[in-house]
Amino acid sequence: MPELTPADTVWTKACSALRRELGEADFGSWLSQAALREGAAGALVLVTPTGVARDWIRRNAWRRIAELWAQNDPQGRHLDLKSRMEFEAEAGPASSASPAVVVSPLEIADPVSTDAAPAAGRGRSAALGGLQERFTFDTFVVGPANEFAYAVAKRVASWADGHFNPVVIHSSYGFGKTHLMNAMAWEAMRTQPTRKVVYLSAERFLSTFVRAVMDRATTAFKEELRDADLLLIDDVHFVGGKQSTQEELFHTLTALMEDGRRVVFSTDRPPSAITEIDARLRSHLSAGLVCGIEPADRDLRLGILEKKLDTLGRQQGFAATARPEVLQFLADRFTDSVRELEGALNTLVARAGVGVSRLSLDEAQAILRPHLRGAEKRITIDDIQKATSEHFGLKQADLISERRNRSIARPRQAAMWLAKQLTTRSLPDIGRRFGGRDHTTVLHAVRRIEELKAGDAQLARDLEALARKLRG
Ligand SMILES: Nc1ncnc2c1ncn2[C@@H]1O[C@H](COP(=O)(O)OP(=O)(O)OP(=O)(O)O)[C@@H](O)[C@H]1O
């Protein structure tokens with residue numbers, strides 16, 4: 001039997017990208033209440049509590065959800081969107097009582113679960129949920145972009161003496177941080193089953209901590225973490241701006257380090273650039289061993305494709321290969337993150353099945369056409385800045401500068417809006433490319449332009465002309 005990816009895993013992955021891209025406020029207001037459910041005949045439906053929420057999601061996030069879903073679901077299942085009333089009307093009254101709920105993002109947190117380990121003995125190891133079995137060193141492909149981070153991760157997992165503390169692994173989204181963090185946890189548990197390994201995302205650190213505060217159970221929470229021989233916290237930038245969580249994290253870090261325990265963090269930037277994190281915590285992170293993972297080069301992308309193809313084939317029970325020109329096409333077109341690259345390959349295998357090895361380049365392109373809309377002509381933020389500055393008679397440097405006069409600020413906001421529409425970059429990523437601005441600034445720009453273009457016909461025309469020019 002091929003191994004199926006549970007729908008909740010796909011949704012969890014999509015949620016973590018959506019949370020980052022939409023921002024905490026929108027995600028919390030609209031998506032955190034939506035739940036993935038199974039309707040009639042096993043159809044998967046994202047169910048919102050109200051019709052208003054459904055409409056908001058359809059207008060503002062549905063296209064992106066569909067993309068993320070396709071990228072993360074190897075089975076290529078269809079996902080529908082309905083309000084609860086619609087869902088129950090169609091599925092019949094039994095649906096509300098049936099155990100059809102797969103998962104809602106608010107229910108994901110499972111403060112102390114110990115059921116995630118693969119076959120190797122667990123001993124005192126504890127994973128606070130969320131470890132994925134497929135993320136091991138064996139499935140990680142090494143190349144110049146990640147070899148240093150990989151070597152450090154192997155060293156941490158072997159419990160070698162003379163370790164650096166903390167270790168910080170950073171990369172832009174989708175280039176393998178979580179994969180390496182998981183691989184370290186699995187291997188550390190395997191090599192020293194009597195030691196305690198704790199892995200959790202910063203998001204889960206936050207939600208578990210908040211819940212512990214509400215339940216007056218912070219002592220148990222602290223003990224659970226401070227007892228770890230190896231603590232791994234993924235996506236630590238997420239605690240930025242959350243004062244008490246940062247403080248708790250800082251105390252956890254110092255307590256563990258004083259005791260000679262090992263701590264590893266992953267972040268989306270070098271620690272010195274995470275300005276939304278408290279200076280004290282930031283300086284502790286910067287003082288550790290900081291290793292970056294660079295975007296994968298073409299050879300690494302090809303290597304990853306071959307490895308994934310082999311794994312997918314084994315999961316589905318056939319020897320999967322693909323024509324070199326198909327793999328090269330994927331490696332050249334899906335360069336924004338390994339996640340997208342993998343999503344494209346998943347789509348081909350899900351659609352063609354055993355016939356994937358016979359797919360011609362034309363057929364592969366036809367299958368991937370919906371995914372290529374943004375990538376057809378790969379538009380970069382640099383292209384957008386050049387076109388926008390030219391259109392408004394400015395210099396590209398003006399868009400990146402600190403200058404705030406309206407004649408510059410408005411085109412800058414327009415360029416940010418275009419970056420959100422025409423690329424798959426996240427808000428933090430866009431912010432970074434506009435002179436290191438915060439993701440909230442980008443979000444504000446995107447909303448402001450949405451508002452303005454509804455009443456300002458000239459601006460709407462400018463944006464349309466720019467988008468047309470950029471799309472080519
Ligand atoms: N070098 C690699 N070898 C094999 N697979 C990889 C590699 N790099 C990334 N991947 C795959 O790409 C996908 C995205 O990687 P991962 O989730 O680790 O990224 P990330 O950097 O943690 O992203 P984010 O910042 O969005 O959390 C995963 O399925 C992972 O297995």
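A residue is termed buried if 20 or more other C-beta atoms lie within 10 Å of its own, exposed if 12 or fewer do, and partly exposed in between, with C-beta atoms placed from the backbone. By this criterion, 43% of the 472 residues of the protein chain count as buried.

The structure is a predicted model, in which local features need pLDDT of at least 70 and side-chain atom pairs count only at pLDDT 80 or more, while totals for chains, interfaces and linings use all residues. Residue numbers start from 1 along each chain as its sequence is written.

The protein chain contains 22 helices and nine strands; these are DSSP runs numbered from the N terminus, helices being H or I of at least four residues and strands E of at least two. Two residues are in contact if their C-beta atoms, placed from the backbone, lie within 7 Å. Among contacts between residues at least 6 apart in sequence, 75% join residues at least 24 apart.

**The ligand shell**

The ligand is surrounded by 19 residues, and Y173, G176, T178, H179 and V338 are the closest; a residue is near a molecule if its C-beta atom, placed from the backbone, lies within 6 Å of it. Helices α8 and α15 (338–352) each supply at least two residues of this shell. Because domain 2 (147–292) and domain 3 (298–372) both give residues to the shell, the ligand lies between them; the domain bounds come from an automatic or database domain assignment. The shell comprises seven nonpolar, seven polar and five charged residues. Here Ala, Val, Leu, Ile, Met, Phe, Trp, Tyr, Cys and Pro count as nonpolar, Asp, Glu, Lys and Arg as charged, and the others, Gly among them, as polar.

**Annotated positions and G23**

An unreviewed UniProt entry lists G174, G176, K177 and T178 under "binding site". Such positions are given in the numbering used here, feature names are shortened, and annotations may be inferred rather than shown by experiment. K177 lies in helix α8 (residues 177–191), and T178 lies in helix α8 too. G23 is placed in the loop between α1 (7–22) and α2 (24–31).

| Residue | Other C-beta atoms within 10 Å | Class |
|---|---|---|
| G23 | 18 atoms | partly exposed |
| K177 | 22 atoms | buried |

Not counting residues up to four places away in sequence, K177 touches I169, S171, D234, S266 and I293. With that exclusion, T178 touches F135, D234 and S266. Leaving aside neighbours within four places, G23 is in contact with L427, H439, T440 and L443. G23 and L427 are 404 residues apart in sequence, yet their C-alpha atoms are 8.1 Å apart in space.
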